[in-house]
Amino acid sequence: MIDFSQIPSPCYVIEDQLLRKNLTLLKYVQEQAGIEIICALKGFSMYSTFPMVRQYLAGATASSLNEARLCFEEMKAKAHVYAPAYLEREFDELMSYSSHITFNSLNQYNTFGDRARANGISCGLRINPQYSEVETDMYNPCIAGSRLGITRNQLGDTLPEGIEGLHSHTLCENDSYTLERTLNAIVERFGDLLEQAKWLNLGGGHLITRADYEPEHLISVLKNLKARFPHLKIILEPGSAVGWRTGYLTSTVMDIIDSQGINAAILDVSFAAHMPDTLEMPYKPRILGAHHEPVEGKPTYRFGGMTCLAGDFYGDYSFDQELKIGDSIVFDDMIHYTMVKTTTFNGVNLPSIGIWRENDTFELVKSFGYESFKDRL
């Protein structure tokens, strides 16, 4: 049982035991379905946990030179790489960290493909199946005007020479039934090209470790896909599923004010700088010990962050007891995507990073100060 009194504020803290539970399930799916699961660094890049991650997963996927290098140095594996566009000045170094490179357009492949192939890298194309059940447009790569992926009308009857794989990523925290319907769209539009390919990367967004996900159905869907295309290597690259519900963001109540009849509690963290997905997605984060929605008659608070942005708040939450200045507030499920998106807007300090080990001890991995702020400017 984690002892939050041992953890500084603010701090991201991951529980080894919970991470291992997720990884165990992902490895089970990988083995039962006969596919490969790799970690999407854009969603989970806490490299201090990579010694554990690489015991269970085959590697990682990267979306930039920096992520590819992190994969190579800390995951001890070459990366599967995809980016909307590659920089000429970075490409040679990027290749040194890459086993697979997916190109977003034929222009990009024509520019860089020969060099990648000459370096023994397996090349692929990102496809747009023009089917997605993602409801938030910001996260939907299939909306009209999307720059992500190649639609079927842009490809002929044969894969471009040297292309070995296709890559589709249209899910976002979805279940296996959404994947099943998405696969129907992929096969309908690109089935003839899949016959010619060596691998199919189904991207991320598979929330396999969520409590209501049905792993056995996923295994069945993937086995059926492999039965239809037995020559294909199938790759999944979840990010959220790795870090899902594995840790927290600790914070402290710095002040409580009456804001025109609403109790506003100011924390030593920022929603805009430290939890940007709560404003972008948007979603309401859960707080340990709080009622997720206001309860009439109970003390209720709207939580605000440390920046001067008027919209740096999220709430309202009710508690069984009134809050006091100095009380701890612990946000649940703050490891995937949250940590990788932090900023030092307004000069606010970044939360520390720590691990609650399986032997019930806390390890402070990293803390930040002025240089972290200054180095970004």
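This is a predicted model: local features need pLDDT of at least 70, side-chain atom pairs count only at pLDDT 80 or more; totals for chains, interfaces and linings use all residues.
1. The largest cavity has a volume of about 50 Å³. Its lining is made up of Thr61, His80, Val81, Tyr82, His100, Ile101, Thr102, His167, Trp199, Asn201 and Glu237, and strands E5 (79–82), E6 (98–103) and E9 (199–201) each supply at least two of the lining residues. By class, this lining divides into four nonpolar residues, six polar and one charged.

2. The second largest cavity holds about 40 Å³ of space, and the residues that line this cavity are Ser168, Thr170, Leu171, Leu179, Thr182, Leu183, Ile186, Leu202 and His206. Five of the residues in this lining are nonpolar and four are polar, with no charged residue.

3. Turning to the open sites, the largest pocket has a volume of about 1,200 Å³. It is lined by 46 residues, of which Lys42, Tyr139, Cys172, Tyr337 and Lys341 are the closest to the centre of the pocket; the lining as a whole comprises 19 nonpolar, 13 polar and 14 charged residues.

4. The second largest pocket contains about 450 Å³ of space. Of the 18 residues in its lining, Ser45, Tyr47, Met339, Ile353 and Phe368 lie nearest the centre, and the division by class is 13 nonpolar, three polar and two charged.

5. As for helix packing, the axes of helix H1 (residues 16–33) and helix H7 (residues 215–228) come within 9 Å and cross at roughly 30 degrees. Because angles under 35 degrees count as roughly parallel, H1 and H7 are therefore described as roughly parallel to each other, and the crossing in which H1 passes H7 is right-handed.

6. On the H1 side of this contact stand Leu25, Tyr28, Val29, Gln32 and Ala33, which meet Pro215, Glu216, Leu218, Ile219, Leu222, Lys223 and Lys226 in H7. The residues of the contact of H1 with H7 divide into eight nonpolar, one polar and three charged.

Technical notes: Residues are numbered from 1 along each chain as its sequence is written. Side-chain values use heavy atoms; hydrogens and water are left out. Axes are lines fitted to C-alpha atoms, for helices over the stretch in contact, and angles run from 0 to 180 degrees between N-to-C directions. Helices (H or I, at least four residues) and strands (E, at least two) are DSSP runs, numbered from the N terminus. Angles under 35 degrees count as roughly parallel, over 145 as roughly antiparallel, 65 to 115 as roughly perpendicular and the rest as oblique. A crossing is left-handed if the near helix is turned anticlockwise from the far one by less than a right angle, and right-handed if clockwise. Contact means heavy atoms within 4.5 Å. Ala, Val, Leu, Ile, Met, Phe, Trp, Tyr, Cys and Pro count as nonpolar, Asp, Glu, Lys and Arg as charged, and the others, Gly among them, as polar. On a 1 Å grid over the protein atoms alone, a cavity is a set of points where a 1.4 Å probe fits but cannot get out, and a pocket is an open set with protein on both sides within 12 Å along at least five of seven lines; lining residues have an atom within 4 Å of a point. Grid points are joined across faces, edges and corners, and a volume is the space filled by probe spheres set on the points.
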